[in-house]
Amino acid sequence: MKEGYELIYKRPKTLTTKRMHYCPGCFHSTIHKLLMEVVEEMDIQDKTVGICPVGCSVFAYDYLDVDMQEAAHGRAAAVATAVKRMLPDRYVFSYQGDGDLAAIGTAETLHACNRGENFTFIFINNGIYGMTGGQMAPTTLEGQKTTTSPYGRDVAKMGMPLKMCEIVSQFDRVVYVERVTCNTPANARKAKKALKKAFEYQGKGLGTTFIEVASNCPSGWKCTPVESLDWLKDKVYPYFPLGVFKKPEEKE
Amino acid sequence: MPAKGYVEIAVEGCKGCNLCVINCPKDCLALNTSDTNSFGLYYAYLKNEDDCIACLNCAVICPDAAITVYKKAG
């Protein structure tokens, strides 16, 4: 450290020192970092329980220095329900990708939202099955080429991309739904605020909170991290609009 | 007068995704394409220390939390 300078930003202590296995530029690691900054700021490291999914973030328990529980593929919502009911004073989050939350785990997700289980969903939507080699996911955009839709997604055969935020915001007992991203520092700061708000609402016991992250997948989309930001801007945000879909009414 | 800053980028932590380089408002950072770290990846470095304003943009966007930011005291 240079003399006369003071430290203003460093890697959060709640993130382990282990090097993350994610591809360069992946938003998974950005969200890991933002989430752990929130945990550090709220000082809830010993009261937080995370549920790992199956997918790219299957090793999240190696990086997030909080209590973690691995769930079977798609069943993170069910495991999170159990953890939250057994330990109601803990901050519980399920960290899931689109293959986990929106494909194999749709039923668990929708029923947990319908019951209004008091935990936070963190949903990383990159529109592709990243870990298994870039196959088409329910959230793949119309016309997007993947290894299982080499001519682009044909909506006549495969249906439209699933908008999870719009779906879960219909449930009465879901209190906070927001879609965020982190393509720019400003959006990353907004994402962090959204995560913090979700944890605060959970702490008050208001109901289910759901944060969707419109993410990238440079390897699966076959582009560089910088090019993936252009794709996000041109194609993803028009179809998956960012913003707050539902929030609790503020008491005056 | 804008704040004066200084960043440290962990060479082994950097994966060379270039996101900090394109998001630096003062064009202080660059990707070192003549050398690699032990993983065989290019890494970013502070090219122009004098212009850094400690805005934290690079640190916030860095996916691998490899950036530490310092600000001149006072």
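Here are some notes on the predicted two-chain model above, point by point.

1. **Ground rules.** This is a predicted model, so local features need pLDDT of at least 70 and side-chain atom pairs count only at pLDDT 80 or more, while totals for chains, interfaces and linings use all residues. Residues are numbered from 1 along each chain as its sequence is written, chains are lettered from A and ligands numbered from 1 in the order in which they are written, and side-chain values use heavy atoms, with hydrogens and water left out.

2. Seven strands make an open sheet, ordered 3-2-4-5-9-8-10, and the pairing is mixed. Strands here are DSSP runs of E with at least two residues, helices are runs of H or I with at least four, and both are numbered from the N terminus; two strands pair if DSSP finds at least two bridges between them. Strand 3 (67-70) and strand 10 (243-246) of chain A sit at the edges with a single partner strand each, so one side of each has no neighbour in the sheet. On average, neighbouring strands are turned by 20 degrees against each other, direction ignored. The axes are lines fitted to C-alpha atoms (for helices, over the stretch in contact), and angles run from 0 to 180 degrees between N-to-C directions.

3. **Strand 4 of chain A.** Seven of its seven residues are buried, so strand 4 is largely enclosed by the rest of the structure. Buried means under 20% relative accessible area, exposed means over 50%, and partly exposed is in between, with a 1.4 Å probe and protein chains only. A:Tyr91, A:Phe93, A:Tyr95 and A:Gly97 point one way, A:Val92, A:Ser94 and A:Gln96 the other. On the strand 2 side the pairing is parallel over four bridges, with A:Val49 opposite A:Val92. Strand 5 of chain A also runs parallel to strand 4, joined by five bridges, and there A:Gly97 has A:Ile124 as its bridge partner.

4. Strand 8 (residues 174-180) and strand 9 (residues 208-214) of chain A run parallel and share six bridges; A:Glu178 partners A:Ile211. Helix 3 (residues 76-86) of chain A lies across strands 2, 3, 4 and 5, at about 175 degrees to strand 4. Helix 8 of chain A lies across strands 2, 4, 5, 8 and 9, at about 170 degrees to strand 8.

5. **Salt bridges.** A:Lys192 pairs with A:Glu37, closest N and O atoms 3.0 Å apart. A:Lys192 is in helix 8 and A:Glu37 in helix 1 of chain A, so the pair ties together parts 155 residues apart in sequence. Both residues are buried. A:Lys196 and A:Glu41 form another salt bridge, at 3.1 Å, but A:Lys196 is partly exposed at 25% relative accessibility and A:Glu41 is partly exposed at 45%. These four residues are linked in a network of salt bridges. Elsewhere, A:Arg179 forms a salt bridge with A:Glu166 at 3.0 Å, and A:Arg179 is buried, with a relative accessible area of 1%.

6. **A:Thr14.** This residue is in the loop between strand 1 and helix 1 (27-42) of chain A, and counts as buried at 2% relative accessibility. Its side chain reaches the backbone oxygen of A:Met36 at 2.8 Å. Beyond its neighbours within four places in sequence, its contacts (heavy atoms within 4.5 Å) include A:Glu37, A:Tyr63 and A:Asp65.

7. **The A/B interface.** Here 31 residues of chain A are in contact with 32 residues of chain B. The two chains bury about 2,700 Å² between them, 62% of it on carbon and sulfur atoms; that is the accessible area (1.4 Å probe) lost on putting the two parts together, summed over both. A:Tyr5, A:Tyr9 and A:Arg19 supply 25% of what chain A buries against chain B, more than any other three residues.

8. Three strands form an open antiparallel sheet in the order 1(A)-4(B)-1(B). The edges are strand 1 (5-9) of chain A and strand 1 (5-9) of chain B. Within chain B, five bridges join strand 1 to strand 4 (residues 67-72), with B:Tyr6 opposite B:Tyr70.

Notes
Polar contact = N/O pair within 3.5 Å; in protein donor to acceptor, adjacent residues only side chain to side chain. Salt bridge = Lys/Arg side-chain N within 4 Å of Asp/Glu carboxyl O.
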